Amino acid sequence: MGGARVPGAGEGVVEGTGVTDRVARWVTEVFAPQVLVIGLPPVVGLVSDGWAGFRWGLVASLLCGGVPALVIALGVRAGRLDSRHIVDRSRRTVPLMVAVVAVLAALVLLAGLGAPRLLVATVGAMLAGLAVTVPVTLLWKISFHAAVSAGTVLVLSRVLPATPTLTVGLLVVAVVCWARVRLAHHTFAQVAAGAVTGAVSSWAVLALSGV
């Protein structure tokens, strides 16, 4: 009945098959970090700078989301990774290092070639989030789902009406956190830490960038 909880919060999890568990898995897939990181830059670019910004956003998506997603997909196919969510924390190091390098490359490229300021800040927020969560996850399984979803909401609130975006976004982040705990992939503390980290790091970068 429901996701069976095991020691280690997600290491070797056996998931349930009930309706609630299926909803939780659906939420986990739809709001996966890879999905949000690939989808966010074109939206930010389009809303803030039109089609030119959209094209810049595609470049950011390819580097920030596409490259890490490809590495993870190859790892899953080869049997080195359990899934694209990398439930086993001990297997996260290499994919996360690839993500850091890819996001850093995107930041240097976009900033150097004159991409829209908000888009550069968005990629900077991604890098700031990784700078905090990657060292933490080597010792403790902080939730990347929670961190990326919270950071995404903060960024979207700069290009969409802030109050409704933050209101709806808070509900979405709460649902994402619920899903990760429901599936026993994380504890409440791990999703809470992820959400706070994602929100604070994104807010800090956006504020410092003046956007």
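Is Cys177 buried or exposed? I looked it up: Cys177 is buried, at 13% relative accessibility (buried is under 20% relative accessible area, exposed over 50%, partly exposed in between, with a 1.4 Å probe and protein chains only).

Housekeeping before I go on. This is a predicted model, where local features need pLDDT of at least 70, side-chain atom pairs count only at pLDDT 80 or more, and totals for chains, interfaces and linings use all residues. Residues are numbered from 1 along each chain as its sequence is written, and side-chain values use heavy atoms, with hydrogens and water left out.

Cysteines next. Cys64 is buried too, with a relative accessible area of 4%. I searched the whole structure for disulfides (cysteine sulfur atoms within 2.5 Å) and got zero.

Then H6, residues 162-182 (helices are DSSP runs of H or I, at least four residues, numbered from the N terminus). Its 21 residues reach 29 Å from first C-alpha to last, close to the 30 Å expected (1.5 Å times one less than the number of residues). I listed its buried residues: Thr165, Gly169, Val173, Val176, Cys177, Ala179 and Arg180. They sit on the same side of H6, because they cover an arc of only 155° around the axis (taken from the directions from the axis to the C-beta atoms). On the other side, Thr163, Leu170 and Leu171 are exposed.

What does the buried set of H6 pack against? I found helix H1 (19-30), helix H5 (144-156) and helix H7 (188-209), counting contact as heavy atoms within 4.5 Å. After H6 comes Ala184, with a positive phi near 60°.

Last, H4 (117-137): it reaches 30 Å, and 16 of its 21 residues are buried, so it is largely enclosed by the rest of the structure.

Technical notes
Helix = DSSP H or I, 4+ residues; strand = E, 2+ residues; numbered from the N terminus.
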